[in-house]
Structure formats: C-alpha cells, structure tokens
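I am opening my notebook to look around a protein model with you. Have the sequence and the 3D view ready, and follow along.

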Amino acid sequence: MSMNSYTIVFLLFVLCSGAAAYDALDPNGNITIKWDVMSWTPDGYVAVVTMNNFQMYRPITSPGWTLGWTWAKNEVIWSVFGAKANEKGNCSMFRGNIPHSCKRNPAIVDLLPNAPYNQQIANCCKGGVLESMGKDPSAALSAFQIVVGAAGTTNKTVKLPKKFTFISPPGGGYTCGPAKIIRPTRFVTADGRRMTQAMMTWRVVCTYSQFLASPKPTCCVSLSSFHNASITPCPSCSCGCRNSSNCVTKGVKKPVLQCTKHMCPVNVHWHVKSNYNKYWSVKMTITNFNYRFNYTKWTLVVQHPNLNKATQVSSFLYKPLMPNLSTNDTALFYGRKSYNDVLMQAGPKGNVHSDLTLQKDRKTLALKKGWAFPRRVYFNGNPCVMPSPESYPYLPNSAGTR
C-alpha cells in the first residue's frame with residue numbers, strides 16, 4: 001500500500017473515531033485551566049492559575065507545557081510565582097518598578113523542581129510535566145500565582161484574557177475554548193474551620209486532537225507468537241515513507257528518526273509467549289526510534305477482551321480503564337518511577353518491556369483467528385497503526401499441559 005493510501009486510512013480512522021474532538025476510550029478527557037482572582041491590588045489583581053489534566057492516559061511530558069493568552073487591554077504581569085514568562089517584552093514605558101512581562105500575548109512556562117523556595121507555590125515547579133489522571137490524579141495538576149497590573153480592579157471592570165493556547169511537546173495538538181466566568185472557587189483554610197472564596201473565577205477548557213499534533217501517526221504495532229517463526233511487522237510507511245532526508249542509520253546532532261520501513265518514532269511489539277490450559281502470557285516491548293527525544297512519564301493503553309483477567313504484570317505498573325462500565329477490556333500500563341518511566345532515545349537503552357500473564361476465560365477464549373492480539377493500542381494517548389487482521393501470525397487453539 002502506498003504512503004498516500006495509508007495517510008487516507010489514518011485520516012479516516014481519526015475522523016470516524018472522533019479522535020479530532022472525542023476519544024471513545026476517554027470521552028471526558030481535557031486540560032482545564034482555572035483562573036481564581038484571590039485579591040485586588042491598586043491597579044489590578046492577584047490570581048492563582050491552576051491546570052488540571054483530566055485525560056485518563058495522555059500525559060504532558062518533558063520539556064513541559066506552555067500556557068499562552070492575549071490580554072484584553074494593556075495588562076502587564078508584575079510578578080509570577082511558580083512559573084515565569086518566557087519573554088519580558090517592551091517595558092520601556094515604566095520607571096522604577098519594572099514588570100515581569102509587558103507582552104500583549106505572554107507565554108508562561110513552569111519552573112523546574114529545584115526552583116528557589118521563595119519562588120514556589122503549592123503544586124508548582126514540575127518542569128511542566130503533568131501525569132495523566134488515570135495514572136496519578138495527585139500529580140495531574142500544576143499551578144502558579146500571577147500579579148496582574150493595568151487591569152480592572154473589580155468584578156465589573158476586569159476583562160477576561162482571550163485566545164488561550166496550551167502547547168505540549170512534541171507536537172502540541174490542543175485547541176482552547178474561550179474563557180467563561182463560573183461560580184467563584186471556594187477554599188477551606190488550613191485549620192479546616194473557615195471557608196473562603198475567590199473574588200471571581202473563570203475557566204478555559206482545552207481539548208486534544210492527534211491530527212493537529214501530527215498529521216501522520218506516531219506509533220505502530222508489530223505482532224508475533226511462540227508458535228510461528230514469522231513476525232508480522234508494522235505496516236510499511238505507517239508513519240511516513242523512508243527517504244534520504246528524513247532518517248539516518250546512525251545518530252546525529254539533529255532530531256531525526258532511525259531508518260525503518262514503518263518510519264514511526266515508537267513501535268509497540270506484542271509477542272504471545274505461551275498458551276497453557278488455564279493461563280497464557282504475552283511480552284510487550286516498546287521501542288523508541290527517535291535519536292533525540294526521550295519519552296518521560298510515558299503511558300501505554302491496550303484494549304483486549306481478556307485484560308479483565310490479568311493476573312501478573314512484570315516491570316510495568318498497571319491499572320484497568322473502564323470507558324464502558326459493562327466491560328473491563330482496556331488497561332493502562334506505565335513505567336516504575338526511577339526505573340523505566342523514561343523511554344530513552346533510540347539506541348541500546350531505547351526500549352522497555354513487560355511480561356503479562358492472563359487467566360483464560362473459557363467463555364470468550366479462542367486464540368485462533370487473531371483473538372490473542374490487541375484490538376487497539378495507544379502510546380501517550382495517540383492511537384498506533386495496527387497490522388491488517390489477515391496478516392496476523394497463526395496461533396493454534398490447543399493449549400499446553402500447564
């Protein structure tokens with residue numbers, strides 16, 4: 001099949017599955033930005049801006065998020081705690097106190113974990129990395145405090161910022177709606193004996209589209225089994241076709257891919273290891289073919305009807321996902337902290353793997369006709385290109401003696 005044919009197939013998959021605006025496995029996934037005005041100042045206000053990653057399996061990876069907007073008037077940022085504007089802009093009209101940023105369209109980035117303590121606030125300073133909600137809700141949020149000047153000083157005179165943007169590497173992919181005023185956030189004091197609330201609150205919701213992030217797929221799946229010596233590779237040109245300018249056979253000093261027939265940055269391999277009377281097992285391997293990009297806090301989502309009876313997972317951590325409460329056929333896998341939660345760049349260390357043992361369900365089990373292979377695979381929230389079913393390795397339905 002030609003590259004154009006694969007691109008058309010992928011686009012149809014994106015559009016027909018609703019991936020451009022709706023994910024069937026994560027229907028409520030989004031980035032929600034909440035802007036709480038905590039107090040008024042002589043020329044503006046102090047606000048706490050909080051970002052929540054409500055996506056079940058799509059993390060925000062290093063080098064982290066960038067949040068942008070356009071001021072409604074001529075506001076300036078006097079100071080920021082827990083983050084910083086990446087440009088100061090033209091502040092030549094000020095004497096004495098100089099604002100942190102005078103940009104009409106500021107872009108804010110997170111501070112690193114080793115930021116000075118007097119520049120931090122709660123839930124800041126993670127280097128822009130946000131875990132997915134399904135993996136770790138406590139690490140799926142980030143916050144910073146901002147002091148805004150040349151702005152309104154009451155609920156009636158404040159003008160909401162416009163044109164919000166949320167950028168996440170490696171390809172972006174988020175579209176943000178307009179800011180909307182909502183009921184002011186309420187807070188409980190540290191002693192738990194008093195309730196306070198923000199002066200006013202507005203909210204922005206940003207949704208992800210893989211097609212906006214990358215017109216081409218970013219991962220593919222290959223398959224094999226213990227009973228068959230052949231390997232079903234990723235479809236050729238899954239993520240693009242190889243040419244002299246887009247890949248190299250050795251690492252160089254620019255972001256390029258290792259030359260492969262599929263030209264995907266990431267390959268997920270599913271190998272059926274064994275088949276016994278009561279159990280069967282699988283080895284999953286994730287390989288990075290990008291010479292200049294490490295995938296921090298990566299996630300892998302697999303859909304298979306027997307995942308409701310996963311009994312043992314080695315190396316990876318595992319949580320069931322239940323997009324449909326009547327079935328438990330989808331699992332979230334991710335690395336162990338400081339062990340294999342970073343998928344290193346292409347090379348000898350550019351892979352992670354795990355063994356998965358599943359108890360057989362006699363009502364649904366049939367290893368023949370491709371049943372042992374996954375229905376869908378997602379890496380970092382993006383769907384991976386699957387081989388065509390007719391190319392799946394042959395598997396016998398008979399079991400071993402165990």
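Which residue in strand 27 does Gln303 stand opposite? I looked it up, and Gln303 faces Arg376 there.

Before going on, I noted that this is a predicted model, where local features need pLDDT of at least 70, side-chain atom pairs count only at pLDDT 80 or more, and totals for chains, interfaces and linings use all residues. Residues are numbered from 1 along each chain as its sequence is written, and side-chain values use heavy atoms, leaving out hydrogens and water.

**Entry: the sheet**

I found that strand 21 (residues 299-303) and strand 27 (residues 376-379) run antiparallel and are joined by four bridges. Strands here are DSSP runs of E, at least two residues long, numbered from the N terminus, and two of them pair if DSSP finds at least two bridges between them. Both belong to an open sheet of five strands in the order 23-24-21-27-28, with antiparallel pairing. Strand 23 (317-321) and strand 28 (382-383) are at the edges with a single partner strand each, so one side of each has no neighbour in the sheet.

**Entry: the aromatic rings**

I searched the whole structure and got 19 aromatic pairs (rings of Phe, Tyr and Trp, using the six-membered ring of Trp, with centres within 6.5 Å). In one of them, Trp69 and Trp71 have ring centres 5.5 Å apart and planes at 80 degrees, so I wrote down edge-to-face (planes over 60 degrees apart; under 30 is stacked, the rest tilted). Trp69 and Trp71 are both buried (under 20% relative accessible area, 1.4 Å probe, protein chains only). They also belong to one aromatic cluster with Trp35, Trp40, Tyr45, Phe164 and Trp202.

Notes: Buried means under 20% relative accessible area, exposed over 50%, partly exposed in between (1.4 Å probe, protein chains only).
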